[in-house]
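Here is a short report for a reader new to this structure. Look over the sequence and the model, then read on.

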Amino acid sequence: MGVEQAVVRLEETDHGVVILRRPVQAPTAGVVIVHAPGENRTGNNYFLSHAAAQMAAQNMATVNFHLSGFGDSLGRKDVATWAAQVESAGAWLAAETAGQPVHFIARGAGAAVLPADAARGQRIAIGPPTPAEVKALAATSHNGSVTGAHPCPPDEEALWAALGAEPNLVGGLELPEEVLIGLASRLDTPRWDHEVVPRGREARVRSRILLPADDLLVRMQITRLGLTHTLIEFLRSWS
């Protein structure tokens, strides 16, 4: 099955470009993929872009993009702006897919900016942090921001991992303290329908996909192809 890939500007937000992967045939669904605010749109060693390409190959139109303040989105880092981007991407993709269900997949703390309602689609959070974890990271701020060191100190690895950043990529990352506090506040009430978590970690919603490894990031890196196909089959059941 062929896949067309186009790069288009999301006019509703004007914060960078959206990568659209469109099947040659009429798509059966749309998927908006949201990276964590500590990585870029490719996600955990290209996991997110790989997932987008594989989903498009399975007849799902996908979009992913940089949240404001990351990559080619030159705006400021702001939780409300991120939420608006995600909402706009969903509305835009719904029009592109002629009213087919539009699903949302977010990694790490990106789950905080998922829409309050996905209408006919489903919202999946991959390894969302707890509000306490994000608040703990905010508490390490200096002069109003949190900056990651490279190499990442062992006692900070879990905090950055909760935000979606791999320990080997933390150096140079900077997030305003107010952004982290805003993310923690939105994480207080889950904004997702389904959750991907390591076995042994308490999930916050009843519907979950359990992974056997304790370290979700390692597990995703090792079995990203398997997880991608698991998500594809899961979304097919809702389309």
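In which strand is isoleucine 126 found? Isoleucine 126 sits in strand 6 (residues 123-126).

## Basis of the model

This is a predicted model, in which local features need pLDDT of at least 70, side-chain atom pairs count only at pLDDT 80 or more, and totals for chains, interfaces and linings use all residues. Residues are numbered from 1 along each chain as its sequence is written, and side-chain values use heavy atoms, with hydrogens and water left out.

## Overall make-up

The chain's secondary structure comes to 7 helices and 10 strands. Helices (H or I, at least four residues) and strands (E, at least two) are DSSP runs, numbered from the N terminus. Of the 239 residues, 51% count as buried. Buried means under 20% relative accessible area, exposed over 50%, and partly exposed in between (1.4 Å probe, protein chains only).

Isoleucine 126 counts as buried because its relative accessibility is 1%.

## The nonpolar cores

A nonpolar core is a set of buried Ala, Val, Leu, Ile, Met, Phe, Trp, Tyr and Cys residues joined through side-chain atoms within 4.5 Å. The largest has 45 residues. Val32, Trp82, Trp160, Leu180 and Leu183 have the most contacts inside it. Elements giving two or more residues to this core include strand 3 (29-34), helix 2 (79-96) and helix 5 (177-187). Helix 2 gives the most, with 7 residues.

Leaving aside neighbours within four places in sequence, leucine 183 is in contact (heavy atoms within 4.5 Å) with Pro37, Val79, Trp82, Ala109, Ala112, Val113, Val134 and Leu163.

## Helix 2 against helix 5

Helix 2 and helix 5 pack at an angle of about 55°, their axes 9 Å apart. That makes helix 2 oblique to helix 5. Axes are lines fitted to C-alpha atoms, for helices over the stretch in contact, and angles run from 0 to 180 degrees between N-to-C directions. Angles under 35 degrees count as roughly parallel, over 145 as roughly antiparallel, 65 to 115 as roughly perpendicular and the rest as oblique.

Val79, Trp82 and Ala83 in helix 2 meet Val179, Gly182, Leu183 and Arg186 in helix 5.

## Helix 3

Pro131, Val134, Leu137 and Ala138 of helix 3 are buried. Seen down the helix axis, the buried residues fall within an arc of 125° (taken from the directions from the axis to the C-beta atoms), so they line one face of helix 3. Their cover includes strand 7 (145-147), helix 4 and helix 5.
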